[in-house]
Amino acid sequence: AMLVSQRGDSTGVTNSGYFGPDRFKFNDTADQTESISQSSVTDLAGFSKAHKRAITTADGNLPAGEYSWTRYSFEGQDLQGFRKGFSDAKPMTISFFVKSYQAGNYVCKLYDHDNSRQIAFLYTINASGTWQHIVHTFPGDTTGKFDSDANQSLSIDWVLAVGTNFTSGTLATTWGGDVAANAAAGHNVDFTDSTNNYFELTGVQFEIGSQATPFEHRGFGEELALCQRYFYSTGDGYSGHNLAQGIKGSATSARYTIQYPVPMRAAPSFTINALKVDSETSGSY
């Protein structure tokens with residue numbers, strides 16, 4: 001439901017990375033500039049926030065090998081219920097709400113990172129600036145098991161712009177190998193071509209089976225903890241948020257203990273945006 005946006009809104013976005021609402025990645029090789037934000041929703045019952053991408057500097061010249069899509073990824077250990085790679089593999093059903101300035105045909109695809117396999121479907125946004133509910137069921141895949149670990153096994157990609165290298169084949173509506181030409185055939189929108197363009201997404205749900213159930217609204221605290229498994233921010237150190245407490249060993253070294261709010265998926269790296277060190281001005285350390 002796009003409730004959590006620890007990084008805040010970002011402008012001047014040109015390179016792939018995580019911006020705006022947590023867990024949704026800007027995957028891009030095109031030359032446009034965007035703003036990515038947690039937008040407020042007032043015209044869709046049951047939802048108050050969305051992930052929004054908006055063009056601030058258009059590209060208008062999309063080479064054959066360039067692309068732009070929004071990605072969400074899953075750990076393999078969270079996907080075992082789909083029984084992918086077994087004879088009784090289960091269907092996968094995706095549902096989401098979408099609103100865009102550009103009407104037209106869009107592709108949403110799944111990519112299996114463990115086995116280099118893909119499947120996609122084409123959906124139509126019928127009118128500019130109007131929320132639509134999209135539901136699609138992918139068949140189960142009896143080829144290629146997901147690894148049962150904390151690494152990326154499956155991604156959902158919402159395609160917004162692709163060059164002809166990705167549209168020159170036949171859309172991969174059944175599971176198959178990673179053939180670029182089949183990844184987004186039929187997609188006819190170039191999101192990068194105008195500063196009028198925006199794309200909003202919310203209410204994303206991915207389920208076992210062939211039936212889309214009503215959206216599961218989780219509390220903000222639960223969503224925040226799930227997001228903090230991948231990233232968390234302590235806020236501005238000058239506003240009283242402590243990154244760590246520790247002991248200074250010498251003029252050039254110190255040891256600090258960082259307490260994470262939840263166990264993280266992997267050993268983290270960190271970035272300091274503002275640093276203020278509070279210490280005694282006299283005495284021993």
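**A pocket and the cores**

In this predicted model, the second largest pocket holds about 840 Å³ of space. Its lining is made up of 30 residues, and those nearest the centre of the pocket are Arg23, Tyr72, Phe74, Arg218 and Glu223. Sorted by class, the lining of this second largest pocket comprises 18 nonpolar, 9 charged and 3 polar residues.

Where does this lining come from along the chain? At least two residues each are supplied by β6 (67–75), β13 (198–208) and α1 (220–228). Of the contributions to the lining of the second largest pocket, the largest share is that of β13, with 6 residues.

The largest nonpolar core has 32 residues, and the ones with the most contacts inside it are Ile94, Phe96, Leu110, Tyr123, Trp158, Phe199 and Phe206. Several strands build this core, each with at least two residues: β6, β7 (92–100), β8 (104–112), β9 (117–125), β10 (132–138), β11 (152–162) and β13. The strand that gives the most to this core is β11, with 5 residues.

Leaving aside residues up to four places away in sequence, Trp158 touches Phe24, Ser68, Trp69, Thr70, Tyr72, Ile94, Phe96, Val107, Cys108, Tyr123, Leu201 and Val204. One of these partners, Tyr72, is also among the residues nearest the centre of the second largest pocket.

Note on methods:
Residues are numbered from 1 along each chain as its sequence is written. This is a predicted model: local features need pLDDT of at least 70, side-chain atom pairs count only at pLDDT 80 or more; totals for chains, interfaces and linings use all residues. Side-chain values use heavy atoms; hydrogens and water are left out. On a 1 Å grid over the protein atoms alone, a cavity is a set of points where a 1.4 Å probe fits but cannot get out, and a pocket is an open set with protein on both sides within 12 Å along at least five of seven lines; lining residues have an atom within 4 Å of a point. Grid points are joined across faces, edges and corners, and a volume is the space filled by probe spheres set on the points. Helices (H or I, at least four residues) and strands (E, at least two) are DSSP runs, numbered from the N terminus. Ala, Val, Leu, Ile, Met, Phe, Trp, Tyr, Cys and Pro count as nonpolar, Asp, Glu, Lys and Arg as charged, and the others, Gly among them, as polar. A nonpolar core is a set of buried Ala, Val, Leu, Ile, Met, Phe, Trp, Tyr and Cys residues joined through side-chain atoms within 4.5 Å. Buried means under 20% relative accessible area, exposed over 50%, partly exposed in between (1.4 Å probe, protein chains only). Contact means heavy atoms within 4.5 Å.
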